Amino acid sequence: MVPSVCGIFGCLCDDAPRVLIEGLKRLEYRGYDSVGIALIGSGGIKVIKEKGRIDDFAAGLPNSALAGKVGLGHTRWATHGAPCRENAHPHTDCSGRIAVVHNGVIENFMELKEGLVKRGHVFSSRTDTEVIPHLMEEGIRQGLGLKEAAVSASRRIKGSMAVAAISASEPDRIVCIRRESPLIIGIGYNGVYCSSDIPALLPYTNEVIVVPEETVVVMRRDGISMETLGGSPLEPKPTKIDWDMGMAMKGGYPHFMMKEISEQPLALSNTLKIQRAFLERAAELIGGKAYLTGSGTSYHACLTASYLFSKIAKADIRAVHSSEFQDAVADLKGSTVIGVSQSGETADTLSALKYAKMMGARVVGITNTLGSSITTSSDIYICTQSGPEIGVAATKTFLTQLAALDQLVFAHALARGAISKEEYAGATAQLERLPAAVQSVVDRVGDLKGVAMKYSRRKDAYFLARGINVATALEGALKLKEISYMHAEGYPAGESKHGPISLVEEGFLCVFVAPSDSARGRVIGNMMEMKARGAEIFSIITNGDRELIAISDEYFEVPEVPEYAYPIVCTIPLQAFAYFVAVARGYDPDRPRNLAKSVTVL
Ligand code: F6R
């Protein structure tokens with residue numbers, strides 16, 4: 001079970017408002033830009049929602065609102081629509097008799113919304129979620145019950161959804177639907193609950209049901225019933241959870257970093273659902289001259305993208321460290337600067353973008369944090385869909401930056417005629433297969449524990465690659481040094497002979513990113529140079545590459561993917577290697593010394 005963006009919670013119990021607030025507090029790590037609850041009372045459904053964090057929300061609740069035995073709650077991490085009160089969940093239909101909370105991304109919401117507006121529905125938010133209660137309203141008007149209306153709406157929706165819905169007409173129940181996004185049901189002595197994650201349920205029960213894909217659940221105070229969206233009954237199978245709360249917050253993993261590494265397939269699949277209209281507008285903005293800028297890991301995403309722009313779109317777009325931008329770039333008039341920042345608050349990146357604007361450039365922002373400073377200072381922005389990242393070292397957010405940039409590169413290549421419509425469609429289809437490839441890598445990262453133990457006491461390591469994976473090597477070195485404090489340096493493998501090779505002696509660790517791409521042959525030459533001087537080779541290779549298996553002391557195989565996607569699959573073993581080395585050396589990978597998640601000083 002891998003969590004994604006936002007947290008939903010629902011309950012049928014005696015003191016629903018208190019339980020909702022407690023549940024949302026435990027889910028806050030999944031999103032915290034706005035919060036809301038809906039309660040069924042004698043006068044119908046009451047919705048209270050606000051921008052901001054749950055503690056402020058709870059403190060501001062009027063006492064009169066705090067009654068009810070059936071309710072829904074939501075803590076949001078904005079994906080469609082800015083973080084503000086109107087966009088906070090729950091969302092209602094036109095009559096206010098249906099309320100819905102949702103976690104996921106609705107891909108066809110524009111089209112659904114247009115149809116609903118034409119049929120007279122009035123929307124009060126800019127979210128994708130709001131189409132759900134309006135679609136359900138139409139079903140109920142045609143005589144469907146709450147469950148049937150929810151199933152009928154789900155058939156029209158493309159995308160991911162964990163949804164919980166209540167209706168004033170059926171006040172004894174909550175109806176939930178699961179497709180892709182996680183959903184857990186808890187059955188306790190004093191109530192029945194639903195949640196995006198197990199930790200929020202643990203104070204009430206340790207008997208949980210992980211709702212299967214494509215399922216509808218009807219929750220009542222006396223129990224639940226489940227069926228597939230096709231109408232076949234399902235037997236609820238409770239599991240007993242013996243995690244303590246700390247483990248539960250980390251999804252059963254010892255650290256957030258490993259949890260976040262394991263969340264990458266879903267994060268990637270959510271990011272690949274970025275609305276094409278945003279990509280096209282951003283791709284068009286990148287007209288003549290353009291630059292990419294970011295810091296740390298985000299700079300590595302920029303560097304990867306600069307290779308891709310050159311290889312795929314035949315466009316030379318320089319990647320520049322944000323902290324160097326003002327000194328390195330002079331002629332910005334009429335150009336476009338693509339700023340990449342997970343937090344959207346990195347002072348170096350914001351300052352580079354401010355300078356770019358002042359010098360007459362347009363700004364495209366790529367961030368994981370809607371509502372952050374980068375979104376307000378960009379002409380257009382693209383939001384990656386990783387959900388909050390708690391480990392200080394960027395993992396899933398890097399992968400989703402790469403995916404968003406891949407999409408942008410292909411959209412730009414199409415816009416400037418470097419690829420045909422057919423090639424674009426082919427690339428889109430290939431990208432959609434990537435989450436499965438990433439899952440197959442994530443499933444095997446535990447194999448790296450032994451390799452990490454073997455090398456954990458080394459003093460230095462080089463991370464080397466050529467071409468498209470140079471930035472992957474730089475990222476591998478950054479991950480290792482920042483969390484394990486082992487000295488690590490990444491550079492293009494062809495540079496060894498210009499200096500670094502003089503450090504190499506018996507047992508020196510060289511990590512090579514060497515998948516079967518167009519640079520492979522040249523990388524092998526560089527490996528041999530290192531090996532000849534006694535270096536130990538740990539390489540990331542494509543499945544079944546016998547030649548490299550024979551050369552390497554240790555290796556990790558990744559599946560064969562198109563060349564542009566190798567940075568995505570090759571980064572994951574490097575993240576896991578750094579993680580296991582840090583743990584073997586006795587450090588907490590979630591909290592590296594001297595570092596902060598968001599660097600807001602220049
Ligand atoms: C490394 C890491 C940092 C950040 C950098 C930029 O694991 O997390 O190098 O990438 O501080 O942060 P954002 O992307 O928030 O601008």
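Which residue forms a salt bridge with Glu563? In this predicted model, local features need pLDDT of at least 70 and side-chain atom pairs count only at pLDDT 80 or more, while totals for chains, interfaces and linings use all residues. Residues are numbered from 1 along each chain as its sequence is written, and side-chain values use heavy atoms, leaving out hydrogens and water.

The partner of Glu563 is Lys311, with the closest N and O atoms 3.7 Å apart; a salt bridge is a side-chain nitrogen of Lys or Arg within 4 Å of a carboxyl oxygen of Asp or Glu.

The protein is divided into domain 1 (7-104 + 162-249), domain 2 (253-432) and domain 3 (443-602), with bounds from an automatic or database domain assignment. Between domain 2 and domain 3 the count is one salt bridge. Their C-alpha centres lie 24 Å apart, and 40 residues of domain 2 are in contact (heavy atoms within 4.5 Å) with 36 residues of domain 3. About 3100 Å² is buried between these two domains, 67% of it from carbon and sulfur atoms; buried area is the accessible area (1.4 Å probe) that two parts lose on being put together, summed over both. His255, Met257 and Val392 supply 20% of the area that domain 2 buries against domain 3, more than any other three residues.

Two helices may be considered next. Helix α14 (residues 396-415) and helix α15 (residues 421-442) pack at about 170°, their axes 9 Å apart. Helices are DSSP runs (H or I, at least four residues) numbered from the N terminus; axes are lines fitted to C-alpha atoms over the stretch in contact, and angles run from 0 to 180 degrees between N-to-C directions. Helix α14 is therefore roughly antiparallel to α15, a term for angles over 145 degrees.

Note on methods
Parallel < 35°, antiparallel > 145°, perpendicular 65-115°, else oblique.
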